Amino acid sequence: MMVDYIPITREVWALTSEGQDLARNGSHEAVFFNLVPTGSEGIALEDLKTAAGASAAVGQRNAMKNKWIRLENGQVFRQVDAIVDETQKALQEIDRTASHPNANVLKDLKKRKLCDKQKITSYKIVKGPKFATTITKQSTDLTSDMLQRQVSSNGEWKTADFKPYNFNAIGLAPPGGHLHPLMKVREEFRRIFFEMGFEEMPTNKFVESSFWNFDALFQPQQHPARDAHDTFFIKDPATSDRLPADLMAKVKKTHEDGGDTGSTGYRYEWKVEEAEKLLLRTHTTAVSSYMLYKLAQEPEFRPAKYFSIDRVFRNESVDATHLAEFHQLEGVIADRNLTLGDLIGFMDIFFKKMGIEKIRFKPAYNPYTEPSMEIFSWHEGLKKWVEIGNSGMFRPEMLGPLGLPSDVRVIAWGLGLERPTMIKYGISNIRDLLGHKVNLSMVEEYPICRMDKKMGKELVGITP
Ligand code: PHE
């Protein structure tokens with residue numbers, strides 16, 4: 001402590017506002033006495049009281065007690081020629097000296113609420129044990145430097161002024177892992193799916209065969225999407241030898257002439273060599289087709305709701321809104337006699353849960369769905385409908401070979417994860433979200449994601 005202080009309290013007497021009044025104008029009894037005329041005629045008590053006003057009651061009592069006046073048949077007469085107003089004198093003394101030598105006088109005037117005792121505290125400032133004319137910074141740590149450096153004959157550590165520990169201080173937040181913003185948004189979508197009773201599909205392999213990615217989805221082998229310009233094919237190993245032969249035979253037949261699906265097929269020669277080619281999956285619908293095949297293997301059909309949110313890869317040029325890999329959210333519902341109305345109704349509920357209130361559908365084309373619908377959402381900011389996803393009912397040409405009962409219908413939809421994430425976190429360049437230019441501290445700083453209404457309105461579209 002550089003300075004110390006000693007509190008000094010003293011008691012003083014001070015007049016109340018009535019006391020101040022009486023100190024100036026005389027006590028009630030003096031006022032009362034002075035209104036009584038000199039000589040023998042006296043004054044009627046009632047008239048005197050009226051004249052004394054506020055001083056009447058106390059004034060009469062004290063003037064009587066002091067034997068200054070006498071009362072005879074309602075008339076008041078002076079008993080003495082002159083008086084000394086001791087009360088006024090005492091009050092003036094208190095006002096001047098803040099006290100009075102006679103304790104009884106003080107007690108009496110306090111009782112009459114003309115003065116009161118007050119406590120006044122003042123401080124005497126003195127030099128403290130660490131008095132100095134300059135401020136030195138206290139040390140917070142004992143450093144090796146301090147131990148080595150010599151100040152006179154002592155090490156600095158001996159003389160240093162250490163700051164006392166503050167055990168009530170809030171410590172540093174312990175460093176921990178943080179989810180990438182994309183994974184935060186993914187968690188929120190997963191929560192919605194789980195809430196709605198969906199099972200998560202195993203999407204933990206990025207390499208797929210062309211068979212599950214394209215053929216099983218009734219995508220013809222000459223389809224432009226299968227071109228190396230759109231798809232990353234794997235060089236080593238280049239092919240898969242784990243494809244189910246029975247299903248392959250059925251898929252081949254469906255592609256060639258429709259098999260027993262009632263379709264005419266694509267009328268070309270389907271080649272196993274094309275189906276065996278390994279690639280980086282271009283959509284998670286590759287996993288959906290595999291999962292539906294698995295579902296069809298179960299002894300008895302059961303309605304199923306599946307979802308996944310994982311990476312897909314497309315061989316396209318990278319720009320501010322496109323990367324060669326992105327995340328796709330996929331939902332699949334399989335049940336008997338589902339209709340397009342179920343798909344539309346379900347989309348409504350699903351997007352509302354994401355905070356998107358207004359959606360619209362537009363007919364579209366996918367090789368594996370019929371009908372197919374692009375999903376649009378009203379964008380408040382842009383004042384227009386923007387595409388947010390793609391959906392449809394899987395075709396009989398796809399479901400037939402998988403072996404699901406003929407009355408089972410499958411509705412499915414897909415959307416990108418990057419766009420909603422970028423909007424949510426105000427990122428305009430996808431390369432600030434993913435890749436080597438990402439600012440690592442943003443991963444730590446960005447808050448947990450909530451699918452609030454604001455986000456829904458700003459959600460502008462599906463990734464490529
Ligand atoms: N696979 C589609 C895409 O990549 C999305 C989709 C999934 C469409 C399921 C219809 C049904 O855009």
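Me: Which residue is the bridge partner of Val 332 in strand 16?
Reply: Val 332 has Ala 412 as its bridge partner in strand 16. Strands here are DSSP runs of E with at least two residues, helices are runs of H or I with at least four residues, and both are numbered from the N terminus. The structure is a predicted model, in which local features need pLDDT of at least 70, side-chain atom pairs count only at pLDDT 80 or more, and totals for chains, interfaces and linings use all residues. Residues are numbered from 1 along each chain as its sequence is written.

Me: What makes strand 12 and strand 16 a pair?
Reply: Two strands pair if DSSP finds at least two bridges between them. Strand 12 (residues 325-336) and strand 16 are joined by nine bridges and run antiparallel. Another of the bridges links Leu 329 to Leu 415 in strand 16. In general, strands of a sheet pair through backbone hydrogen bonds, either parallel or antiparallel.

Me: Which residue of strand 16 is the bridge partner of Ser 391, and how many bridges hold strand 15 and strand 16 together?
Reply: Ser 391 is partnered with Trp 413 of strand 16. Strand 15 and strand 16 pair over four bridges, in the antiparallel sense.

Me: Why is strand 16 called largely enclosed?
Reply: A residue is buried if 20 or more other C-beta atoms lie within 10 Å of its own, exposed if 12 or fewer, and partly exposed in between, with C-beta atoms placed from the backbone. Nine of the nine residues of strand 16 are buried, so the strand is largely enclosed by the rest of the structure. Both of its faces are covered: one has Val 408, Val 410, Ala 412, Gly 414 and Gly 416, and the other has Arg 409, Ile 411, Trp 413 and Leu 415. In a regular strand the side chains alternate between the two faces of the sheet.

Me: Why are the buried residues of helix 1 said to line one face?
Reply: The buried residues of helix 1 (residues 17-25) are Gly 19, Leu 22 and Ala 23. Seen down the helix axis, they fall within an arc of 105 degrees, so they line one face; the arc is that of the directions from the axis to the C-beta atoms. The face turned away from the buried side carries the exposed residues Ser 17, Arg 24 and Asn 25.

Me: Why does Lys 113 count as exposed, and why does Phe 218 count as buried?
Reply: Lys 113 has 11 C-beta neighbours inside 10 Å, so it counts as exposed. Phe 218 has 28 C-beta neighbours inside 10 Å and therefore counts as buried. Lys 113 is in the loop between helix 6 (103-111) and strand 5, and Phe 218 is in the loop between helix 10 and helix 11.

Me: What is the phi of Lys 113, and what is the phi of Phe 218?
Reply: Lys 113 is not a glycine, yet its phi is positive, about 60 degrees. Phe 218, also not a glycine, has a positive phi of about 55 degrees. Most residues other than glycine have a negative phi, and most peptide bonds are trans.

Me: Which peptide bond has omega near 0 degrees, and which has omega of about -5 degrees?
Reply: The bond from Asp 236 to Pro 237 is cis, with omega near 0 degrees. The bond joining Glu 370 and Pro 371 is also cis, with omega about -5 degrees. Pro 237 is in the loop between helix 10 (210-213) and helix 11 (245-257), whereas Pro 371 is in strand 14 (residues 369-379).
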